[in-house]
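Good morning, and thank you for the time. I shall walk you through one protein chain, so please turn to the display.

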Amino acid sequence: MKTLKKYTFILLAAFLTTFGMASCSDEPEPPEPEEPTHRTLIIYMAADNSLLSASRENLKDIKTAVSKGALQGGRIILFYDYSATEAPYLAEITEETGDFVKIKEYDGQVSCLDRDRMNEVIKDAMRAAPAEEYGLILWSHGTGWINESDSRSSSASSRAATDGLINPYSFGHDINPVSTKMSITSLASALEDFHFKFIYFDCCFMATIETIYELRNTADYIIGSPTELPVEGMPYLTNIPQMMAKELQPATIAKNTLDYYLSGQASYPWCTITAIDTSAAEDVAAATKAIMETGALNSANYVPLPYYRSSVPSYTWDFADIINNLNVDDDAKNLWKRPWQRLIIYYGHTDICYFVPMAGTAGLGSFYYSDNTVQWAKEYGYDSLSWWRDVVSFNPSINL
C-alpha cells in the first residue's frame, strides 16, 4: 500500500511539473534589456520664451549633424518646451528617422523650470536611452548666480522692478503657464540624482564661480559663457559630433564655439566661452576661503572687470581679477593660482563682447561685494548660495 501511494505521488508530481513547464512556455519572454550606448546626450530646451525661433534653427542643425553621422553609436534625447498650447515632449532622433520622434508628452501646466519636472524628464531620458555616460545641454536664457528663490515667479520679478532692479533669469525663462525662472540652487537640486560627463550651458552668463561650485558634484566638466551670447548660441553642426565622440574633448567643444563667432558666420562677432574641470572646484574654494579668512578686501579705487553691460542683469565681474587685486600676500595668491589653473582648461573670447572689452579677463564670473552692489546681493539671495556659505561668509569684513 505504501509503495502504491508513493508511486501515485511521483506520477502526480511529474504531471504537475510538466504542466507547469508547459504553462510557463506560453508566457511571453521578457524583453532583453537595452545595451547601453557609450553616451547619451540630453538636450533640455526651455524655449517657451523670446528664443523660440532660435531653438528651431538649432534643431535644424542637430538634424543635419545627425544625417551626417554625428551620433557615432550614441543617442540624442530632446526635451522641448516651446508653446502655450502644445504639450512639452521628450523625443529621440536617429539616423533612420532623421527627425525627433516623440517618446512622451508632459502636462503643460507644470513649468519646465520646476525642480521636480526637470528631475522627472531627465530620469525619463536616461530610461529611454541608457548609456555608460551622459552629456547635458541646458538651453534657454540665463543670468548666472542670481538666486532669489527656488522657482521665481513674476511676483518676485515685479518686486525687483519696483526697487529699480532689472528682471533676472538665473537659468531659463518659461512663459507658460506662469512666467517662471530657475535659481541655481533649484537647478542643482533637480540634477543631484545624476552625474554627467559634461554640462554645456547654451545660454548667457552661466560661467560663474557660484554656478560652478553649486554644480560641482553634478558633472566632470562644465562649459559655458561668463557673458552674453548671440542668439545663435552654440554651433550645433560642429559640436554635436564632438559631444558624441567616444574621446570627449571639452576644450575642443569650447574652442569650436569661439571659432564659429570668429569666422563671421554669426549675426554678431561676439563670444566668450570657458571649459571647466569641476574636480578642482573644491580646491579653488578652499584656497579662496583661506584668503577670505584674512578679511582682505579690494582697495577703494579698485575697478573690477565687468562681464555684463548695464542694460542686462548679471552682476558678475572677473573672478580671477578680483582675487589677484585683493590686499593679501603673494604666497596666498600663489596657493590660489594652483587649483585655479586646473579649474580652467580653456578660455577664449573675442576682443569685445556686447560692447564690453574682454582684455584681462580669465573666464569665470563672480559677484563683487561692495557698497554699490550690496542691494543686489540682498535682493537676489547671495547668502543662500553654497559659495557664500562655504567661502565668502568667512570674510569678517563682509556682512549681508
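Let me begin with a question: which residue in strand 2 is the bridge partner of Ile-43? The partner is Leu-78. Please bear in mind throughout that this is a predicted model.

Strand 1 covers residues 37-46, and ten of its ten residues are buried. Strand 2 covers residues 75-81, and its pairing with strand 1 is parallel, over seven bridges. Strand 1 also pairs with strand 5, residues 131-139, again in the parallel sense, here over eight bridges. Within strand 5, Leu-136 is the residue opposite Ile-42. As a general point, side chains in a regular strand alternate between the two faces of the sheet.

How is the chain connected here? Strand 1, helix 2 and strand 2 form a β-α-β unit, and the unit is right-handed. Helix 2 comprises residues 52-67.

Strand 9, residues 196-202, and strand 10, residues 219-224, are paired in parallel over four bridges. The chain passes from strand 9 to strand 10 by way of helix 6, residues 209-214, in a right-handed β-α-β crossover. On strand 10 there is also an antiparallel pairing, with strand 11, residues 272-277, over four bridges. In that pairing, Ile-223 has Ala-275 of strand 11 as its bridge partner.

Is Glu-214 buried or exposed? Glu-214 is buried, and it has no salt bridge. The nearest side chain of opposite charge belongs to Arg-389, at 5.7 Å, whereas a salt bridge requires the charged atoms to lie within 4 Å. What Glu-214 does have is a side-chain polar contact of 2.8 Å with Ser-386. Leaving aside residues up to four places away in sequence, Glu-214 touches Ile-184, Thr-185, Ala-188, Leu-385 and Ser-386.

Finally, the protein as a whole. There are 13 helices and 16 strands. Of the 400 residues, 55% are buried. Taking contacts between residues at least 6 apart in sequence, 75% join residues at least 24 apart. The contact between Glu-214 and Ser-386 is one to look for on the display.

Notes
Residues numbered from 1 in each chain as written. Predicted model: local features only at pLDDT ≥ 70, side-chain atom pairs only at ≥ 80, totals over all residues. Heavy atoms only, no water. Buried < 20%, exposed > 50% of the residue type's maximum accessible area, 1.4 Å probe, protein only. Helix = DSSP H or I, 4+ residues; strand = E, 2+ residues; numbered from the N terminus. Pairing = 2+ DSSP bridges. Right-handed = clockwise from strand over helix to strand, strands pointing away. Lys, Arg positive; Asp, Glu negative; His and termini not counted. Polar contact = N/O pair within 3.5 Å; in protein donor to acceptor, adjacent residues only side chain to side chain. Contact = heavy atoms within 4.5 Å.
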